[in-house]
Amino acid sequence: MGRLQGKKVVLGVSGGIAAYKALFLVRELRRHGAEVHVIMTEHATKLVTPLSFRELSGQPVTTTMWGEITHWNVEHIALANLADVFVLAPATANLIGKVANGIADDMLTTTVMATTAPVVVVPAMNTRMYENPFTQSNLQKLASAGYTVIEPESGDMACGTNGKGRFPAVETIVATIERVASQGLLRGKKVVVSAGGTREAIDPVRYLSNRSSGKMGYAVAAAAAWQGAEVVLVSATTSLPEVPGVRTVHVNSAREMKDAIDAEFDTADIVVKAAAVADYRPAKTASQKIKKQDEDMQIKLVRNPDILYELGQRKKQQILIGFAAETQNVLEYAKGKLIKKNLDMLVANNVAAPGAGFQTDTNIVTFVYRDGSHESLDIMTKDRVAEEIIKRAAELVSACKK
């Protein structure tokens with residue numbers, strides 16, 4: 001089931017060359033479970049036919065205030081009331097200017113003026129038009145009014161130039177819509193997540209590491225963003241795609257990860273340490289590749305900083321959640337780790353169990369709490385586990401306020 005299941009999205013398409021990309025957006029929104037209703041400006045219909053949007057959305061397409069009524073009541077009010085999320089994509093400079101200054105002279109601008117649903121604005125236009133001070137001022141007005149503005153991408157433009165103003169990736173837009181349409185359990189909160197297995201250099205080509213893929217941490221970051229949080233992902237892997245709407249800080253070693261988390265910790269509300277951090281590192285890192293010798297080689301290891309323990313000693317208002325990947329006595333070790341490191345919650349799993357642990361898309365976890373209680377979950381995808389973790393984190397934040 002998609003995160004937009006049961007949600008109604010009203011999509012306003014204006015007359016930019018990127019209007020054809022809105023077709024892909026409609027398809028992706030429906031794939032995520034949304035019901036999509038499209039309103040097109042007159043200029044948009046010169047670029048893409050309403051029939052195309054009708055076929056992809058499975059709903060009537062509205063192009064004028066004077067046509068046949070396809071929705072109940074006065075149509076622009078009906079569509080305004082229908083929307084769980086209202087999306088303007090692409091939003092031309094003309095459309096942005098009208099909405100920002102309260103001009104309602106066609107079906108699209110009239111409907112968006114009447115809606116009380118959250119509005120997502122997706123600017124797409126020529127670079128100079130986007131950078132024009134009037135456009136920037138209008139975008140600031142919309143942001144100040146509570147509209148969510150997605151920054152356009154940079155690259156080659158239809159007009160033959162190269163710069164900022166391209167229609168963002170559909171995945172980025174959908175992720176933003178999901179976040180806006182969510183329950184918003186963590187809206188206004190900052191969440192810091194770590195992911196992946198750190199790498200401790202032996203020489204320029206070799207390192208010590210572990211089997212962590214980073215999938216669990218990335219899923220937690222995505223789930224936190226979906227619930228409206230500002231998310232910083234400190235990642236020790238580069239093999240996974242970036243999470244839309246999440247600021248990612250890439251690191252290699254445990255010490256680099258510590259520095260990155262320390263820089264964010266004081267302003268964080270929730271910290272989820274899902275990374276598999278190396279306990280030891282080579283005492284010395286060779287500056288050149290170590291050549292094979294006839295005799296055995298020994299590498300002296302020294303302890304890395306215990307990031308989670310140090311955070312537990314520093315924490316004030318933060319909710320601190322750790323992970324324990326064990327192969328035996330899982331619950332016993334997890335409860336000891338939670339107390340020792342002053343955690344609010346610990347996610348424990350037996351990485352030797354089928355369907356759990358590293359390199360898999362599923363996990364089997366037990367949540368352990370400070371009061372000694374624990375909660376075991378059945379096998380589920382890491383995305384679903386992440387959603388459950390974030391729900392518990394939100395509950396812990398709420399409990400701290402009481």
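Into which domains is the protein chain divided? The protein chain falls into domain 1 (8-181) and domain 2 (190-400), with bounds that come from an automatic or database domain assignment. The model is predicted, so local features need pLDDT of at least 70 and side-chain atom pairs count only at pLDDT 80 or more, while totals for chains, interfaces and linings use all residues. Residues are numbered from 1 along each chain as its sequence is written, and side-chain values use heavy atoms, with hydrogens and water left out.

The relation between the two domains comes first. The C-alpha centres of domain 1 and domain 2 are 39 Å apart. Five residues of domain 1 are in contact with five residues of domain 2, where contact means heavy atoms within 4.5 Å. The size of an interface is often given as the accessible area lost when the parts come together. Here domain 1 and domain 2 bury about 400 Å² between them, 62% of it on carbon and sulfur atoms; buried area is the accessible area (1.4 Å probe) that two parts lose on being put together, summed over both. Ala175, Glu178 and Arg179 supply 84% of the area that domain 1 buries against domain 2, more than any other three residues.

The polar side of this interface can be described in the same way. Between domain 1 and domain 2 the count of salt bridges is zero, a salt bridge being a side-chain nitrogen of Lys or Arg within 4 Å of a carboxyl oxygen of Asp or Glu. One residue pair is found in polar contact across the interface of domain 1 and domain 2 (both at pLDDT 80 or more). A polar contact is a pair of N or O atoms within 3.5 Å; within protein, one must be able to donate a hydrogen and the other to accept it, and residues adjacent in sequence count only if both atoms are side-chain atoms. The residues on the side of domain 1 that touches domain 2 divide into one nonpolar, one polar and three charged. In this division Ala, Val, Leu, Ile, Met, Phe, Trp, Tyr, Cys and Pro count as nonpolar, Asp, Glu, Lys and Arg as charged, and the others, Gly among them, as polar.

Helix α6 (residues 107-114) is mostly covered, with six of its eight residues buried. Helices (H or I, at least four residues) and strands (E, at least two) are DSSP runs, numbered from the N terminus. Buried means under 20% relative accessible area, exposed over 50%, and partly exposed in between (1.4 Å probe, protein chains only). The buried residues of α6 are Met107, Leu108, Thr109, Thr110, Thr111 and Val112.

Side chains of opposite charge can pair when their charged atoms come close. The whole structure holds 20 salt bridges. One of them joins the side chains of Arg3 and Glu387 (3.2 Å, N to O). Arg3 lies in the segment before β1 (8-13) and Glu387 in helix α14 (residues 382-401), so this pair ties together parts that are 384 residues apart in sequence. Arg3 is partly exposed at 23% relative accessible area, whereas Glu387 counts as buried at 14%. Both belong to a network of salt bridges that links Arg3, Glu375, Arg384, Glu387, Glu388, Lys391 and Arg392.

Another salt bridge is formed by the side chains of Glu264 and Arg247 (3.2 Å, N to O). Glu264 lies in helix α11 (residues 254-265) and Arg247 in strand β12 (residues 247-250), so the pair ties together parts that are 17 residues apart in sequence. Glu264 is buried, with a relative accessible area of 11%, and Arg247 is partly exposed, at 40%. Arg314 and Asp266 also form a salt bridge, their closest N and O atoms being 3.1 Å apart.

Lys315 is placed in the loop between α12 (307-314) and β16 (319-326). Is Lys315 buried or exposed? Its relative accessible area is 18%, so Lys315 counts as buried. The side chains of Lys315 and Asp344 are joined by a polar contact of 3.1 Å. Lys316 lies in the loop between α12 and β16 and is exposed, with a relative accessible area of 74%.
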